[in-house]
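Subject: Structure handover

Hello,

Here is the structure I said I would pass on to you. Please open it first and keep it in view while you read the notes below.

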Amino acid sequence: MTAPEVTVERLDVSVYTVPAEEPESDGTLEWTATTAVVVEAHGGGRRGLGYTYGSPAAAVVVREHLAPVVEGADALAVRAPWRSMVAAVRNIGRGGVGATAISAVDIALWDLAARLVDVPLVTLLGRAHEAVPVYGSGGFTSYSGMRLTEQVEEWAASGISRVKMKVGRHPEEDLGRVMAVRKAVGDAVEVMVDANGAYSRRQAVGFAHRFGELGVGWFEEPVSSDDLEALRLVRDQAPGGLSIAAGEYGWDPWYYRPMLDAGAVDVAQVDVTRCLGITGFLEAAGLCHAHHVPLSAHTAPQVSSHACAAVVPLEHLEYFHDHVRVERLLFDGSLEPQGGTLIPDTSRPGMGLELKEADAKRYQRDA
């Protein structure tokens, strides 16, 4: 006997902007708030939750371009509406806002499917790891030296054995700030740096050797991730023990093939809220596995924990300061690190998250 089809009845979308605790910056950007676009997919008496980070314009894409092709679809056949969504944004552009919109809807559809069959999302996806290693991430270039060391010390004290800081806005200060972090956390904690593409090729090669001398183990986007030749150059000339990483701006899984073919990175970063959702994340993970390159998930720790636990070539997950704050404020059921890992909640169906509607109201905006 065939089970009765459950359809996606409707998509609801809302936008929330959460002010930062203080102005923040990295090597190439400054900001004072983080915006989350939240999608709820309804069907079969259940509600699936998905979200992305970026422009409120993603909500418009969801309403005008994605809802018409998703509503009425089989709620348990998530990859079919994913294909329809990718086709629906052809003329408005799949990258950027289009990709974040698809990502939020795809995550909501996977969450809904898991709730409909009453299993945790990681179980539906197929668990490959019991726990997901995390690294503390923040260390913004706008931080004072005291704020920087306080933050990394807090992560280390909580059992997180890797900490990442931003570099590149003021190159003349970078070595001093890295040395301060190294002193603060000691030799047992890995120090990671992220330039967000701020360095030139020549600068990046020079800093790679200096960071290596300080025991740094991770150099993220030393140059623009659009310049695969330069990434490969830095990777080839970097000292042993210093991993070159990039990929957080991949708007779809196909983005990663030329990067991996070029041998441009030691670790590929994939963002489930940008790369066309969980479906896109799994596709990108397959490419990484085929190229024998580990995958590190970029930000959004609550949904990323389930996605990461289901992929084989996993390195770790970014426990990003801003997104940790936003997810705690907006969602019930947010996971907390245990011994430097996130362990997906298997006591609840789906991701185990619920929107705190009353608390979130203060951050809601029109879109």
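Strand 5 (residues 162–166) is largely enclosed by the rest of the structure, because four of its five residues are buried. Please keep in mind that this is a predicted model. Strand 5 is joined to strand 4 (residues 132–137) by two bridges, and the two strands run parallel. At this pairing, G136 stands opposite V163 in strand 5.

Four strands make it up, in the order 3-2-1-15, and their pairing is antiparallel. Strand 3 and strand 15 (364–365) are the edge strands, each pairing on one side only. Between strand 1 (residues 10–25) and strand 15 there are two bridges, and these strands run antiparallel. If you want to find the place, look for Y16, whose bridge partner in strand 15 is Q364.

Which helices pack on this sheet? One is helix 1 (residues 57–70), which touches strand 1 and strand 2 (30–43). The direction of helix 1 makes about 155° with that of strand 1. Another is helix 12 (residues 321–330), which touches strand 1, strand 2 and strand 3. For helix 12, the angle with the direction of strand 1 is about 130°.

There is also a helix pair to look at. The axes of helix 2 (residues 79–88) and helix 3 (residues 97–116) come within 10 Å and cross at roughly 170°. Angles over 145 degrees count as roughly antiparallel, so helix 2 is roughly antiparallel to helix 3. Where the two helices meet, helix 2 contributes P81, W82, M85 and V86. From helix 3, the residues are I102, V105, D106 and L109.

Now the aromatic rings. A pair of such rings is described by how far apart the centres are and by the angle of the planes. How many aromatic pairs does the model have? The count comes to 12. One of them is formed by Y51 and F331, with 5.0 Å from centre to centre and 40° between the planes, which makes the pair tilted. This pair links distant parts of the chain: Y51 is in strand 3 (residues 46–53) and F331 is in strand 12 (residues 331–332), 280 residues apart. Are these two residues buried or exposed? Y51 counts as buried because its relative accessibility is 0%, and F331 counts as buried at 2%.

A second pair is Y255 and Y256. Their ring centres are 5.0 Å apart and their planes are at 80°, so this pair is edge-to-face. Y256 is buried, with a relative accessible area of 0%.

Ring pairs also link W31, F140, Y143 and F320 into a cluster. Y143 has a further neighbour: R147 lies over the face of its ring, at 4.8 Å from the ring centre.

Last, a loop residue. S347 is found in the loop between strand 13 (341–342) and strand 14 (354–355). Is S347 buried or exposed? S347 counts as exposed, because its relative accessibility is 64%. S347 and V119 are 228 residues apart in sequence, and in space they are 8.6 Å apart, C-alpha to C-alpha.

Regards

How values were computed. Residues are numbered from 1 along each chain as its sequence is written. This is a predicted model: local features need pLDDT of at least 70, side-chain atom pairs count only at pLDDT 80 or more; totals for chains, interfaces and linings use all residues. Side-chain values use heavy atoms; hydrogens and water are left out. Rings of Phe, Tyr and Trp (its six-membered ring) pair if their centres lie within 6.5 Å; planes under 30 degrees apart count as stacked, over 60 as edge-to-face and the rest as tilted. Buried means under 20% relative accessible area, exposed over 50%, partly exposed in between (1.4 Å probe, protein chains only). A charge sits over a ring if NZ of Lys or CZ of Arg is within 6 Å of the ring centre and within 35 degrees of the ring normal. Two strands pair if DSSP finds at least two bridges between them. Contact means heavy atoms within 4.5 Å. Axes are lines fitted to C-alpha atoms, for helices over the stretch in contact, and angles run from 0 to 180 degrees between N-to-C directions. Angles under 35 degrees count as roughly parallel, over 145 as roughly antiparallel, 65 to 115 as roughly perpendicular and the rest as oblique.
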